[in-house]
Amino acid sequence: MGNPRFGRMIPAMVTPMKDNLDLDLDLDLDRAQELADRLVKGGADSLIINGTTGESPTVFYPDKIELFKAVVAAVDGRIPVIANVGDNCTADTVGFASDVAKLGVDGFMCVVPYYNKPPQEGLYQHFSTIARSVELPIILYNIPGRCAVNMTAETSLRLAHDLDNVVAIKEASGSFEQVKAIVEGAPEGFCVYSGDDSATYDIMKLGGVGVISTIGNVAPARMKEIVELCAAGKWEEAAAANERLMPLMEGLFKTANPILVKEALKLAGFPVGGVRLPLVNATAEQSAELERTMREVGVL
């Protein structure tokens, strides 16, 4: 495998919040900077800021801007910073991406438009309109479980071939057949990332380059070990490392993400505050189960 421009292990960073008991918790920008620095030092190859794991649906444009600024300053060019700018309105996404491009980020992630249920041609027009409006590289994000629409391999490949700055896709469709079709039909240099930690080993066996990771917030070195072993073709060692970490990969998704990854950081001694409604913080029972899992896999 070649060296992808954004690397192989990309944490989708949580967004730290201040536990101020308000309905709309304030962002904790100081803690965001500390977390970004921690992840860089922990082996992250790039960072995704304010994706699903970063609570993008409840962090609105002004706060997103401040968050991106804070992380760009903290990272200080050590690794790429990728801003999630995707929305379900094409015009809003174009305008916001144009503003964010001025902040010093290195790329964008754009999710399939949610709720609208666009047809495949609508998806193509949405992403191509964004791509032609900006110069920075774009990672597509296909997650039908959250968006109600699956972007097909055909549409993903059409975008990859037609638009030079569409450089990668985060694939969380759950279909290995679809992943295989994208890998085999992609132009040279187009990267397929696993959108699920637990599917990373299998997707890399199909030719994927790495993962955009939730567990990378908590155990970046462990997840990086897995993707680097896969990239080196050391499949038996990678399988063993993957199996050792799998209980936590799955355990973090026992309820809606990022409830448990924030709880895991708290258990690991690096609290990042709670989650914004309509998400709710982990229960005592969930926390106890998570702590047991973290100890089982050696993260605590």
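## Cysteines

The sulfur of Cys110 lies 12 Å from the closest cysteine sulfur, that of Cys147, which is too far for a bond; a disulfide here is a pair of cysteine sulfur atoms within 2.5 Å. Cys230 is likewise too far from a partner for a bond, since its closest cysteine sulfur, in Cys191, is 15 Å away. A search of the whole structure finds zero disulfides. Cys110 is buried at 1% relative accessibility, and Cys230 is buried with a relative accessible area of 1%, where buried means under 20% relative accessible area, exposed over 50%, and partly exposed in between, with a 1.4 Å probe and protein chains only.

This is a predicted model, in which local features need pLDDT of at least 70 and side-chain atom pairs count only at pLDDT 80 or more, while totals for chains, interfaces and linings use all residues. Residues are numbered from 1 along each chain as its sequence is written, and side-chain values use heavy atoms, with hydrogens and water left out.

Strand 3 (residues 81-84) runs parallel to strand 4 and is joined to it by three bridges, pairing being assigned if DSSP finds at least two bridges between two strands. Within this pair, Ala83 stands opposite Phe108. The chain passes from strand 3 through helix 3 (residues 90-100) to strand 4 in a right-handed β-α-β crossover, a term meaning that, with the strands pointing away from the viewer, the path from the first strand over the helix to the second runs clockwise. Strand 4 is also parallel to strand 5, with four bridges between them, and Leu140 of strand 5 is the bridge partner of Cys110. The chain goes from strand 4 through helix 4 (residues 120-133) to strand 5, and this β-α-β crossover is right-handed as well.

## Nonpolar core

The largest nonpolar core has 106 residues, of which Met13, Leu47, Val71, Val100 and Phe108 touch the most other members; such a core is a set of buried Ala, Val, Leu, Ile, Met, Phe, Trp, Tyr and Cys residues joined through side-chain atoms within 4.5 Å. Helix 2 (residues 61-75) gives the most to this core, with seven residues.

Leaving aside neighbours within four places in sequence, Leu47 is in contact with residues including Ile10, Met13, Val71 and Ile82, where contact means heavy atoms within 4.5 Å. Ala97, which lies in helix 3, is buried at 0% relative accessibility, and, not counting residues up to four places away in sequence, Ala97 touches Val85, Phe108 and Val134.

In helix 7 (residues 176-185), the buried residues are Gln178, Val179 and Ile182. Seen down the helix axis, these buried residues fall within an arc of 100°, so they line one face of helix 7, the arc being that of the directions from the helix axis to the C-beta atoms. Glu177 and Glu184 are exposed on the other side of helix 7. The buried residues of helix 7 pack against several elements, including helix 6 (153-162) and strand 6 (166-171).

Asn242 is placed in helix 10 (residues 235-251) and counts as buried at 8% relative accessibility. Leaving aside its neighbours within four places in sequence, Asn242 is in contact with Tyr201, Ile226 and Met249.

Key:
Helices (H or I, at least four residues) and strands (E, at least two) are DSSP runs, numbered from the N terminus.
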